[in-house]
Amino acid sequence: MNRQKKRITIITVFAIMFLVFISLVFSIIISDPTCSDGKQNQGEEGIDCGGPCATCEVELTGKNLIVKDSHVIYGGEMKYDVVASLHNPNALFGGEKVFYTIEIIGSGGDVLDTRSGETFILPNENKYLVEIGLETAAQPVKVETTIERVDWVKFTNFESPQILVKNQKVGLVERGSDYAQAFGIVSNESSFDFHNVGINVIIFDERGVPIAANKTVQRTLDADTQREFVLNWPHEFPGTIKNSEMQAETNVFDSSNFMKKYLPGGRYQELGSENE
């Protein structure tokens with residue numbers, strides 16, 4: 001009788017264990033789908049994202065920026081300036097952060113000096129990248145500009161900020177210690193006030209080759225206002241002045257660049273918030 005009870009007990013234990021195992025398998029196989037089950041189901045666009053779950057993260061990738069040309073320019077004793085021309089071929093993608101490296105190269109192929117930096121670029125924009133005061137005792141023969149990385153932002157209904165440079169003048173200085181001078185008036189014709197507006201000035205010879213470059217920053221430029229600026233060069237240029245370009249820019253990706261008297265959610269901020 002005891003043996004029979006023991007046998008029944010053992011069978012019962014194994015039956016319970018079997019039923020528990022079956023229920024676990026059953027719950028795994030046919031359990032209701034969730035947004036954390038590690039599977040792509042219930043109309044999800046990816047694993048546990050999209051559809052009824054949180055939006056899937058999308059890696060934004062625009063076409064590569066184009067470095068159209070780079071020039072190294074004599075900038076004074078043992079100093080050289082660099083001008084690179086960048087083009088963004090994307091109609092709706094802007095580079096919120098563009099990381100670059102500039103190397104000036106000697107006649108033997110050795111790197112004489114290098115500089116890394118960060119800039120930005122708007123959709124379909126052509127812009128100058130200006131770096132001042134690279135140092136070397138040897139004379140460089142060329143410069144290489146490399147785009148290391150771009151953090152892309154997708155825009156909608158993009159409109160460039162209307163910041164212009166008017167009354168542009170460049171010429172030699174007749175009196176004083178400086179060799180040449182550039183003058184202009186930067187005009188903010190947008191409806192926004194900006195903390196920082198950068199200005200690049202490039203001077204060309206009769207062949208269209210840059211022979212001088214400089215840059216400055218205007219602080220706190222209100223909407224519908226203008227500001228004069230002057231840039232000087234103390235050293236002689238390696239060529240004759242033929243014409244010049246003056247390019248103003250402001251970082252619309254940086255919300256802190258907008259004056260605080262404007263409420264958040266202005267037009268440019270909205271354009272830069274589209275990340276899908």
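User: What share of the 276 residues is buried?
Analyst: Buried residues make up 39% of the 276 residues. Keep in mind that this is a predicted model.

User: How many helices and strands does the protein have?
Analyst: Two helices and twelve strands.

User: In what order do the elements run from the N terminus?
Analyst: The order is α-β-β-β-β-β-β-β-β-β-β-β-β-α.

User: And what about contacts between residues 24 or more positions apart?
Analyst: They account for 67% of the contacts with a separation of 6 or more.

User: How much accessible surface is there, and what part belongs to carbon and sulfur?
Analyst: The accessible surface is about 16300 Å². Carbon and sulfur atoms hold 51% of that.

User: Now the inside. How many residues are in the largest nonpolar core?
Analyst: The largest nonpolar core has 27 residues. Those with the most contacts inside it are Val186, Val197, Val201, Trp233, Phe237 and Ala248.

User: Which elements give two or more residues to this core?
Analyst: They are β7 (163-172), β8 (180-188), β9 (194-204), β10 (210-221), β11 (225-233) and β12 (243-249). β9 gives the most, with five residues.

User: Which domains does this core draw on?
Analyst: Domain 1 (66-154) and domain 2 (163-257). Each supplies at least three residues to this core.

User: Back to Val201. What does it touch, leaving out residues up to four places away in sequence?
Analyst: Val201 touches Ala182, Ala212, Ala213, Asn214, Phe229, Leu231, Trp233, Glu245 and Met246.

User: What about a second core?
Analyst: There is a separate one of 16 residues. Val82, Phe93, Ile102 and Ile104 are among them.

User: Why would nonpolar side chains end up together?
Analyst: In soluble globular proteins, nonpolar side chains tend to be buried together.

User: Switching to charges. How many salt bridges are there?
Analyst: The structure holds seven. One of them joins Lys127 and Glu249. Their closest N and O atoms are 2.9 Å apart.

User: Where do those two sit in the chain?
Analyst: Lys127 is in strand β5 (residues 126-135), and Glu249 is in strand β12. They are 122 residues apart, so the pair links distant parts of the chain.

User: Lys127 and Glu249: buried or exposed?
Analyst: Lys127 is buried, at 1% relative accessible area. Glu249 also counts as buried, at 16%, because the cut-off for buried is under 20%.

User: And what of Glu144 and Lys142?
Analyst: Their side chains meet in a salt bridge, 3.6 Å from N to O. Glu144 is partly exposed, with a relative accessible area of 35%. Lys142 is partly exposed too, at 42%.

User: How far apart are the closest N and O atoms of Asp205 and Arg207?
Analyst: 2.8 Å, in another salt bridge. Asp205 is buried, at 2% relative accessible area, whereas Arg207 is exposed, at 62%.

User: Last topic. How many disulfides?
Analyst: One. Cys35 and Cys53 form it, with sulfur atoms 2.0 Å apart.

User: Where are Cys35 and Cys53?
Analyst: Both are in the loop between α1 (2-30) and β1 (66-74), 18 residues apart.

User: Is the disulfide left-handed or right-handed, and why?
Analyst: Left-handed, because the torsion about the S-S bond is about -90°.

User: How accessible are Cys35 and Cys53?
Analyst: Cys35 is partly exposed, with a relative accessible area of 37%. Cys53 counts as buried, at 11%.

Technical notes:
Residues numbered from 1 in each chain as written. Predicted model: local features only at pLDDT ≥ 70, side-chain atom pairs only at ≥ 80, totals over all residues. Heavy atoms only, no water. Core = buried A, V, L, I, M, F, W, Y, C linked by side-chain atoms within 4.5 Å. Buried < 20%, exposed > 50% of the residue type's maximum accessible area, 1.4 Å probe, protein only. Helix = DSSP H or I, 4+ residues; strand = E, 2+ residues; numbered from the N terminus. Domains from an automatic or database assignment. Contact = heavy atoms within 4.5 Å. Salt bridge = Lys/Arg side-chain N within 4 Å of Asp/Glu carboxyl O. Disulfide = S-S within 2.5 Å. Areas by Shrake-Rupley, 256 points an atom, 1.4 Å probe, with all protein chains shown as cover.
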